[in-house]
Amino acid sequence: MKLMRVGEAGSEKPALLDADGKIRDLSGHVADIGGEAISPAGLAKIAAIDPKSLPELVPGRIGACVAGTGKFICIGLNYSDHAAETGATVPPEPIIFMKATSAIVGPNDDVIIPRGSEKTDWEVELGVVIGKTAKYVTETEALDYVAGYCVSNDVSERAFQTERSGQWTKGKSCDTFGPIGPWLVTKDEIPQPQNLGMWLTVNGQKMQNGSSKTMVYGVAFLVSYLSQFMSLHPGDVISTGTPPGVGMGLKPPRYLKAGDLVELGIEGLGTQKQTFVADR
């Protein structure tokens, strides 16, 4: 299934995209796309509904594909070729950092370049949405705890991230720096999360063209690994790293400015389109 949230920010309705590309209203069956609705039992309940029995929604703004995200966890330098382009080495264990949940926006919402930014960058990433609480899970069972997958743009301000001392979080958490969606695609539709083509363009120019098959640490490993340090809860999102082609890795580096259009997508998970605008 392709689950989504449609409507103005703060007033989104839960919905699904049917086989004909029509958006169907789920609000008569679930309160939102999150929590119990994305548990195994909740997803089974939604799957049992005949999409044609649901009211059709007029296409409009698409919100973030999951509600109630408690943790937005990101993995750094998880593609060896991306690590190389930034002058870093692949770490012996995953690099974990947090992106503030206040950064989360819809997949096509404007992204605000923060005041003082000169190095706002792009990163197409595979997002993993947790469907049930995971704690101390093994790699073998880890995917049992995944509800599905989504496109994530881990927008980053590189000067804030690496030149201002301290942790990466402040360069990753600016308002609107976390577009996710358009859909939460349930895991039954993505049997091989480690073989998904992914791409990103800036003003129509291809910048990233990679595949999740070159991830150093795969989805199952990451879910298991993270669960050793913290409980993962329904609605938590893991953004799993980016392939090469980011702005800071170019020679000379290239960063985003107001008016730039970024488009990105992952095979089977849909596309995003964001206009970057200056903060007022």
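Colleague: Hi! Is Cys74 buried or exposed in this one?
Modeller: Cys74 is buried in this predicted model, with a relative accessible area of 0%.

Colleague: What about Cys174, what is its nearest cysteine sulfur?
Modeller: For Cys174, the nearest cysteine sulfur is that of Cys74, 13 Å away. Cys174 is in no disulfide.

Colleague: And is Cys174 buried or exposed?
Modeller: Cys174 counts as buried, at 14% relative accessibility. The cut-off for buried is under 20%.

Colleague: How many disulfides does the count come to, then?
Modeller: The count comes to 0 disulfides.

Colleague: Which strands pair with it?
Modeller: One of its partners is strand β2, residues 13–17, which pairs with β1 in the antiparallel sense over 5 bridges. Strand β13, residues 184–186, also pairs with β1 in the antiparallel sense, over 2 bridges.

Colleague: Can we zoom in on Lys2? What stands opposite this residue in β2?
Modeller: That would be Leu17. In β13, the bridge partner of Lys2 is Val185.

Colleague: How many residues sit between β1 and β2?
Modeller: There are 6 residues between them, and the two strands form a hairpin. In the turn, Gly7 has a positive phi of about 135°.

Colleague: Which way do side chains point in a strand, by the way?
Modeller: In a regular strand, they alternate between the two faces of the sheet.

Colleague: Nice. Let's jump to Ser39. Where is that?
Modeller: Ser39 lies in the loop between β3 (23–25) and α1 (40–47). Ser39 is buried too, with a relative accessible area of 9%.

Colleague: What lies 2.7 Å from its side chain?
Modeller: The backbone oxygen of Glu36 lies 2.7 Å from a polar atom of the Ser39 side chain.

Colleague: Last one: which domain does UniProt place on this chain?
Modeller: The unreviewed UniProt entry places "Fumarylacetoacetase-like C-terminal" at residues 71–276. Over that stretch, the chain is 12% helix and 33% strand, and the end C-alpha atoms are 25 Å apart.

Technical notes
Residues numbered from 1 in each chain as written. Predicted model: local features only at pLDDT ≥ 70, side-chain atom pairs only at ≥ 80, totals over all residues. Heavy atoms only, no water. UniProt positions renumbered as here; feature names shortened; annotations may be inferred. Helix = DSSP H or I, 4+ residues; strand = E, 2+ residues; numbered from the N terminus. Pairing = 2+ DSSP bridges. Buried < 20%, exposed > 50% of the residue type's maximum accessible area, 1.4 Å probe, protein only. Polar contact = N/O pair within 3.5 Å; in protein donor to acceptor, adjacent residues only side chain to side chain. Disulfide = S-S within 2.5 Å.
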